[in-house]
Every structure is written in C-alpha cells, then in structure tokens.
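I opened a new notebook page for this structure. My plan is to look things up one by one and write down what I find.

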Amino acid sequence: MDNLGIFYINLARSQDRRRAMEAELNKYHCTYTRVEAADGKQPEMVKNSGYSAKLNKKYYHKSLSSGEIGCVESHKRALNAFLQSDFQCALILEDDARANYDLFQELTSVAQTANSWDIVKLYLGKKKKRLGTAAKISENLTIGIPQKIPNSTLAQLVSREGAEKLMQAYAEFGEPSDVLLKSWWRYNLRILAVENAVFDTADVASEIDQQSHRKGTKKHRLKRLWQKLKYEVFNQIKKQSDTLLSSLVKMSVK
C-alpha cells in the first residue's frame with residue numbers, strides 16, 4: 001500500500017477503542033497513523049471550528065451538537081495529516097470501523113485510480129445503496145456512482161484533490177460531516193461508492209452522542225422535509241456524468 005496512507009481518528013480518552021482499532025489494522029500488517037479526534041466537550045475547539053450558525057440555518061434543519069462539530073473538526077485534522085504526507089490517496093477511518101478482510105486487500109487497486117475521483121465511500125450504511133454506472137476494479141470489488149450518497153464518514157478513500165476540496169468545504173460549515181457531502185454539487189465533489197461494503201461499524205456506543213446528546217436538539221420538521229425535497233431535485237438535475245468512470249474502466253485491474 002505504498003501510495004495509500006491509512007489514517008484513523010480516535011479521541012485521547014477512548015483507549016479501548018484505540019486498542020481495538022489498532023488490533024484490527026494490525027491484522028493486515030499495514031502502516032497507519034492515529035489522528036487525535038477533536039473533543040466536543042472543549043468549548044474552545046467548538047468556538048474555533050468554523051461552525052457557522054448562518055450556514056446551519058440555510059442548509060440544515062437543526063443546530064449541530066458539539067459532538068457533531070467535533071466530528072467535522074476531526075476529519076479536517078485527518079485530511080490535513082494526509083495532505084502533509086507524500087501519499088497520493090488516503091484511507092480515512094473512524095475508530096469503530098471494522099474491515100471485510102477479502103475486500104480490504106483490494107484497496108490498493110482502487111487507490112491506483114485516485115486521479116478519477118475525490119471520494120470513494122467504503123461503508124454503505126444500514127441499507128445497501130444502488131449504483132448507477134459501475135466499473136469492476138478487480139474480481140471482488142466494483143465501484144460506481146451511487147444513486148444516493150451514503151450517510152456516514154466511517155470509512156472512505158480520499159484523493160489529494162478530494163482532500164483539498166473537503167478542506168474548503170469544512171472551513172466554514174453548518175451541516176454534519178456526512179450530510180454536507182450529500183450536496184456534492186456545491187463543492188464539485190466526485191463521489192463514488194463500492195458495490196459491497198469494505199467496512200462495517202463495530203457494535204459500540206456513538207462517540208458523538210457521548211460528547212453531546214443529539215436527540216435533545218430541537219428539530220424543524222417542515223424545514224427538514226423542504227431540505228430533503230431540494231436535495232432530491234438538485235441530485236437529479238445535477239446528476240454526475242457517467243464519464244466520471246471512463247478512466248476507472250481503463251485502469252481496472254484484471
């Protein structure tokens with residue numbers, strides 16, 4: 001995995017999760033970097049994070065919790081660590097990610113195509129997402145344009161160009177880290193997803209909820225419905241062109 005850097009995000013106080021994550025990565029005999037997560041319990045971090053109440057009101061249906069703000073800041077730290085490295089592609093993981101052994105071995109094949117995309121989603125959420133045009137990268141791994149961007153930033157590949165775009169998107173934000181990506185057209189993001197999840201989530205409590213309880217945040221239901229409608233409309237109008245995958249097809253590993 002010479003051209004692929006592995007970065008995982010972990011809170012300083014979450015030592016059990018750190019041990020479990022490193023035990024997981026050590027199975028694959030790979031080199032990795034731990035990125036210390038931002039702690040939503042630290043008011044100074046929240047204040048300096050770039051969170052914008054104005055953008056929140058414009059794009060989202062409720063205020064972000066300090067834990068959600070910390071999650072965005074944590075991903076900014078991981079992206080910055082990647083951009084400071086010599087790697088051409090990064091696997092960015094949250095510390096409750098658990099890999100499918102067979103598919104994990106195929107990630108180097110996808111990393112070879114990193115000039116063709118910004119992000120590849122490796123976790124599909126609770127429900128499998130349908131792909132539009134897809135390319136077979138190897139015998140076990142197919143990636144393509146998702147009809148809907150999977151929620152979650154649990155596990156994703158990021159190219160250098162993608163990392164630079166994400167840093168700009170996260171510089172001033174009003175949405176959770178994963179929700180922001182669903183409006184990919186605002187940031188010109190080229191987002192792909194795997195057909196079969198390379199990672200799943202461990203059965204552990206949410207760190208975001210432990211830092212601050214999202215369920216107690218007031219929701220604006222009508223605003224949420226309107227935002228979902230706008231997303232569906234824009235997603236269709238600005239649907240990504242199938243030509244995004246043309247170079248992936250050419251570079252597919254037989």
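Are D118 and R190 buried or exposed? I looked, and both D118 and R190 are buried. For me, buried means under 20% relative accessible area, exposed means over 50%, and partly exposed lies in between, with a 1.4 Å probe and protein chains only.

A note on the source. This is a predicted model, where local features need pLDDT of at least 70 and side-chain atom pairs count only at pLDDT 80 or more, while totals for chains, interfaces and linings use all residues. Residues are numbered from 1 along each chain as its sequence is written, and side-chain values use heavy atoms, with hydrogens and water left out.

**Entry: salt bridges**

I took a salt bridge as a side-chain nitrogen of Lys or Arg within 4 Å of a carboxyl oxygen of Asp or Glu. Side chains of opposite charge can pair when their charged atoms come close. I found 13 salt bridges in the structure.

I started with D118. Its side chain meets that of K165 in a salt bridge, 2.9 Å from N to O. This pair links distant parts of the chain: D118 sits in the loop between helix 6 (107–111) and strand 5, K165 sits in helix 7, and 47 residues separate them. Helices (H or I, at least four residues) and strands (E, at least two) are DSSP runs, numbered from the N terminus. Both D118 and K165 are buried.

D118 also forms a salt bridge with R190, with the closest N and O atoms 3.2 Å apart. Here too the pair links distant parts of the chain, 72 residues apart, as R190 lies in the loop between helix 8 (177–182) and strand 9 (191–194).

Next I followed K165. It meets E161 in a salt bridge of 3.7 Å, N to O. K165 is buried because its relative accessible area is 13%. E161, at 40%, is partly exposed. My summary: D118, E161, K165 and R190 are linked in a network of salt bridges.

**Entry: the sheet**

What is the strand order of the open sheet? I read 2-1-3-8-5-9-7-6, eight strands with mixed pairing. Two strands pair if DSSP finds at least two bridges between them. Strand 2 (33–36) and strand 6 (131–136) stand at the edges with a single partner strand each, so one side of each has no neighbour in the sheet. The twist averages 30 degrees from one strand to the next. Axes are lines fitted to C-alpha atoms, for helices over the stretch in contact, and angles run from 0 to 180 degrees between N-to-C directions.

I checked one pair closely. Strand 3 and strand 8 (residues 155–159) are antiparallel over five bridges. C89 stands opposite S159 in strand 8. Helix 7 (residues 160–171) packs on the sheet and touches strand 5 (119–121) and strand 8, making about 105 degrees with the direction of strand 8. Contact means heavy atoms within 4.5 Å.

**Entry: D95**

I ended with D95, in the loop between strand 3 (89–94) and strand 4 (97–99). D95 counts as buried because its relative accessibility is 5%. A polar contact is a pair of N or O atoms within 3.5 Å; within protein, one must be able to donate a hydrogen and the other to accept it, and residues adjacent in sequence count only if both atoms are side-chain atoms. The D95 side chain makes such contacts with the side chains of N10, at 2.8 Å, and R17, at 2.9 Å.
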